[in-house]
Amino acid sequence: MLGVAFPPDYETSRYFFVYYNSLPNGDITIARYQAQVGNPNLADPASGRIMITFSKPFDNHNGGNLNFGPDGMLYIGTGDGGSGGDPNNLSQNGLSLLGKMLRININDSILFPYYSIPADNPYTANPAVDDRIWAIGLRNPWKWSFDKSTGDLWLADVGQGAWEEVNFRAAGSTGPINYGWRCYEGHAAFNTSGCLAPANYTFPIFDYPHNFATGGFSITGGYVFRGPGFPELVGYYICADYVSGNVWIIRPNGLGGWTSTIKTGMPGNISAFGEGEDGSLYPVSLNGTIYKIIRPLVLPVSLLSFSGDKQISYNELRWNTADEQDLSRFVIEYSLDGISWMSAGERSAINQAGNHQYSFSHFTSETAKLFYRLRIEDNAGRLTYSAIISLNGKAGSIRVYPTIIKDGIMRVNTEKPVTRIDILDTNGALVFSKQTGNQQGYFSVTLPVLGHGIYWARLQTSSGPEVVKLIIE
């Protein structure tokens, strides 16, 4: 189950539309259901009607978002069919529904297919493109939305191995559009064999590289904020990176370009956003938490500095403050990945006039890089966070991510030379092996199609093997 959309007339029609992968083959399926009479919170299972279904060659890149546009049409975003690099070039194939944005007109018809094709769809006169297609050239649009005020489309598309991107299309645009995958990843050429000149493609308004400091590794699209209580944020588009925890706000700069601002240290594993009827936004994390975006509190303290040094058996952290009033404590939090946080300890606030110096020794046997931040709390229980700092671990550390692999690609960041990578199932059977030739630094490994479940990655180094657990979705 990947998406649900309610039409503008839901209150009277009781119809709603779902996007899911059907068993046993994982086919993409769009279906219509109807809520029960007198209870809009319960569906009538017998009302289900399959409208569109088509297969994928691989198990990943499902897309899964569908929304009603300001024109009342139903828009459906699909992934390119999976694997890595779109090996069948389906995203650029006009007769395939994979890697596309579809646009259909729903109606109350009792006859299959329960929808019609809008006459103003941009490819209806082109026999080389399916009439249902509204846009071409997507990899895995996760997620996308319409600005509820302007009707503009904002679309986040997950990248391959180097770039994540955000695309924009103004309300009322009618012409055909090609977002460029697999010819381009972000603004960078990826596989231009058989591709047209760059002028034939629409490039993203924003992209970011694969790293933790200024980017990430898997974008999650959000919404333009139109909610109450936070006037400074109104009109900004918000998106997040699932792996790094970085968040960006983006808006037009008034000169025909775009301005973006990054916020680090936010909650990790953000897999989707929800929008309330009043425009409030709710980021959803796979750690089981639903957050709400609110105006940040300004606590009565100035954090002048926050730094640290790595010692032999502990990490020494230091921070300086001024203007402390009615503060309770500083909680020192640490993380192995910059996403999931744990408490290392705390220091009570001094709460006296003038500048103050604090220090904390975190005794740890952890040899990998550690991330730190301060959770600053006042006596009323309100809190804010410092910026995140990191302290390098012992030389030779290896990191494999993400823990949950959805796109068939395993990323490795290693200071040790890695000669071979083996993937084993939970019974210890070898299911994949790749020689990596003493590779160091950052590199990615495209995995074969594997069943959902838990696996072990065994990385062979000169000092012996290192083993980490992976989950394949």
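**Salt bridges in a predicted model**

Colleague: Aspartate 422: buried, partly exposed or exposed?

Modeller: Aspartate 422 is buried, with a relative accessible area of 2%. Here buried means under 20% relative accessible area, exposed means over 50%, and partly exposed is in between (1.4 Å probe, protein chains only). Keep in mind that this is a predicted model, where local features need pLDDT of at least 70 and side-chain atom pairs count only at pLDDT 80 or more, while totals for chains, interfaces and linings use all residues. Residues are numbered from 1 along each chain as its sequence is written, and side-chain values use heavy atoms, leaving out hydrogens and water.

Colleague: Which side chain does aspartate 422 meet in a salt bridge?

Modeller: That's arginine 420, at 3.1 Å, N to O. A salt bridge is a side-chain nitrogen of Lys or Arg within 4 Å of a carboxyl oxygen of Asp or Glu. Arginine 420 is partly exposed, at 25%.

Colleague: Which residues do shared partners join into one network?

Modeller: Arg329, Glu333, Glu346, Arg373, Arg375 and Glu377.

Colleague: How many salt bridges does the count come to?

Modeller: It comes to 17. One of them links arginine 103 and aspartate 120, at 2.8 Å, N to O. Arginine 103 sits in strand 7 (residues 100–106) and aspartate 120 in the loop between strand 8 (115–116) and strand 9 (133–136), so the pair ties together parts 17 residues apart in sequence. Strands are DSSP runs (E, at least two residues), numbered from the N terminus.

Colleague: Is arginine 103 buried or exposed?

Modeller: Buried, at 5%, whereas aspartate 120 is partly exposed at 47%.

Note on methods. Helices (H or I, at least four residues) and strands (E, at least two) are DSSP runs, numbered from the N terminus.
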